[in-house]
Structures are given as structure tokens and as C-alpha cells.
Amino acid sequence: HIDCAMRGQGVLVSIGCVAIVATSRWFEWHGIAERLFICLALVARVHPTLRASAPLTTVRPTPLVPAPLNLSVGIAPACKPKATPLCVAVCLAGLQRDFTASVIQQGLRRNFHQAGYEYFLSMEAPLDLAGLFVGRHTVGQVAKQDNRPGRGGCPAGTRMSRQLIVYVRKFVGCHQLMLERERRLGFSYSFVVRMRPDFTFSTPFPAPSGILQRVGVDVVFMDDQFALARRSSAEDILISPARAYSECHGPANWSHACGKEITTRNLNYSPCCPMGLSMVYRKHIKFKTFEFRHSVPGLRRCTLLQIRSKATTPKKCEKPL
């Protein structure tokens, strides 16, 4: 508790600040110290005597702001009245890079998109989608991101690639927008796909239901770059990564992520893709992680191509722009 009325400005202000700190679920995303600064900033706005001595008007407590949903795009026939396997929420999250390039847009149109797919975009900032194939099927964009870097390294006996925290936080905005669209329009998606914006597809990509059925799991990862899941596991690929990459993990969690026994001797490096650590919070969910350049059952090798505008010697499954 902080006495926000420390200059004798009244009990009501103090009570209001305590209520903000204690009851707002939204602020659970932030540390306690940041909540207190927000509290002081609010008091500074109300009380000129405090504003002069505590200029906190630059506090920006909102790291992630969903833009208004595009409700002009009605519910796809594949989703209503009863959702079919083609009622799919697609999260395009990460750096924009070459997302607007025709090779990416045409790959989405020819080899990925199916009737019933709806797109949520979470990049550096909302895009002008005019003239892009994906524009007519996009139902939401995240307006502002949390770009705070991850905190330092991990103690001995644990490991995590925390430098990717800014990237995985972008997934959360897709989840918020998806839930809001479902609530506002009264339906639920059947499957969820998450991928980076700098991907295209060289050959037809099957519906998520087919891949999950072939692999026999609820969630499939392709490194940290692509994922698909049943709707019931949406949080595993959109929410849990931000938590997993913000924490340090010991042998027990790495063993679950890698599907094999991991000891502290194996943690001088990442023994498998860290994205699998997203699954340690709900260990009953079946999942499988594939390396990006290895084929997933039912897919041709390099069906997913990463477009590299500055690639002079592209790696396997990469293509220069």
C-alpha cells in the first residue's frame, strides 16, 4: 500500500489509488512498482501541488492495445451456426518485414487460405491493408505492443532464450482480439494457427484438423515460427509462450518440452526448441515440436518458405525476396 494522499490531499484519492492497484485485473500484467507509479501519475493529474513536484505524465501503462475489431466482416459460413473444421483463427505475429510483398500475399491466397479463415495481425503497428489479399479477411489488429526487453540471464541449472520475449508477447494480442470477436458475434473458432508474417507457402497447406489428426496431438509447433492447435488449446500457443519466455526453466520443465530426460549438464545450451516450454503449464495437453526445416507428416518439405529480403545465401526453406 502507498498513501497516495501523502500530501494531505484527501482520503478519497488514497482509497481510489488502492482500488486501482488491488482490483484491476488488467494491471496484473505489470509489476507492483509500475502500478504505484501509475497511481502517483493519476494523483499528479488531479492535484496541481503534486504535479509540480512529481512530473510523472510520461508514464505509459498500456503496453498492448487492441485496435477496434472489424465487425463489418461478418461471421464466415464455416463458423455459423455450427463451427466446422474450416472455422480457423489465424494469428500473424512478429516483425512485419516483407509481409506486404506480393510473393507472401500470393502464397497465402493460393496455398494457405480457405473459406472460414479469419486473420488477426499483431506486428509493430497496425498496417494499411488496402490492396493486400489478407486485408479482406483481417478482422482485427493490435494497435500498440509491449516492447520491453527480457530481464537478464538465468541462474545456474536453468535456461531460457529470454531475448525472444518481445516477439512472443505479440501473440497475446491475437488471443485478446479472438476472444472479443467470439464474444461479440456469439461463436467459437474450431482451430487456431499462429505464424510469422514473413512466411509464404510453396505448396497447398492442409487444414489444421488434418495435420493434428495425422500427428495425433492437440498442438503442433514448428520451432518458434509456426504453430497450430485446437481451439481448446489456443492459450497454449498464444498466451503461454509469453509466460514461458519470461521465466527460467530447470531440467524437469526442459524434459517435458523436449520429450526426453534433460539434466543440468544439458543446459549449457537449449537442448530443444524453447517454444515447447509453453506446454509445461498444462501438461495433460498432447503436443509435438518439429524443426522448421523438417517435414511435418502430411506436408511436403519446405511447404513453408521464409522470405528473406536481404538473404544472399538462403538456408534451406528460405527464399530471397
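Is Thr138 buried or exposed? Thr138 counts as buried because its relative accessibility is 4%, where buried means under 20% relative accessible area, exposed over 50% and partly exposed in between (1.4 Å probe, protein chains only). Thr138 belongs to strand 4, residues 138-144. A polar atom of the Thr138 side chain lies 2.8 Å from the backbone oxygen of Val134.

The model is predicted: local features need pLDDT of at least 70, and side-chain atom pairs count only at pLDDT 80 or more, while totals for chains, interfaces and linings use all residues. Residues are numbered from 1 along each chain as its sequence is written, and side-chain values use heavy atoms, with hydrogens and water left out.

The protein chain has nine helices and 11 strands; helices (H or I, at least four residues) and strands (E, at least two) are DSSP runs numbered from the N terminus. Of its 321 residues, 49% are buried.

An open sheet of mixed pairing is formed by three strands in the order 6-10-11; two strands pair if DSSP finds at least two bridges between them. The twist averages 40° from one strand to the next, with axes fitted to C-alpha atoms (for helices over the stretch in contact) and angles running from 0 to 180 degrees between N-to-C directions.

| Edge strand | Residues |
|---|---|
| strand 6 | 199-201 |
| strand 11 | 318-320 |

Each edge strand pairs on one side only. Strand 6 pairs with strand 10 (residues 304-308) in the antiparallel sense over three bridges, and Phe199 stands opposite Gln306 in strand 10. Helix 4 (residues 102-112) packs on the sheet and touches strand 6, strand 10 and strand 11, contact being heavy atoms within 4.5 Å. The direction of helix 4 makes about 40° with that of strand 6.

Terms used. Polar contact = N/O pair within 3.5 Å; in protein donor to acceptor, adjacent residues only side chain to side chain.
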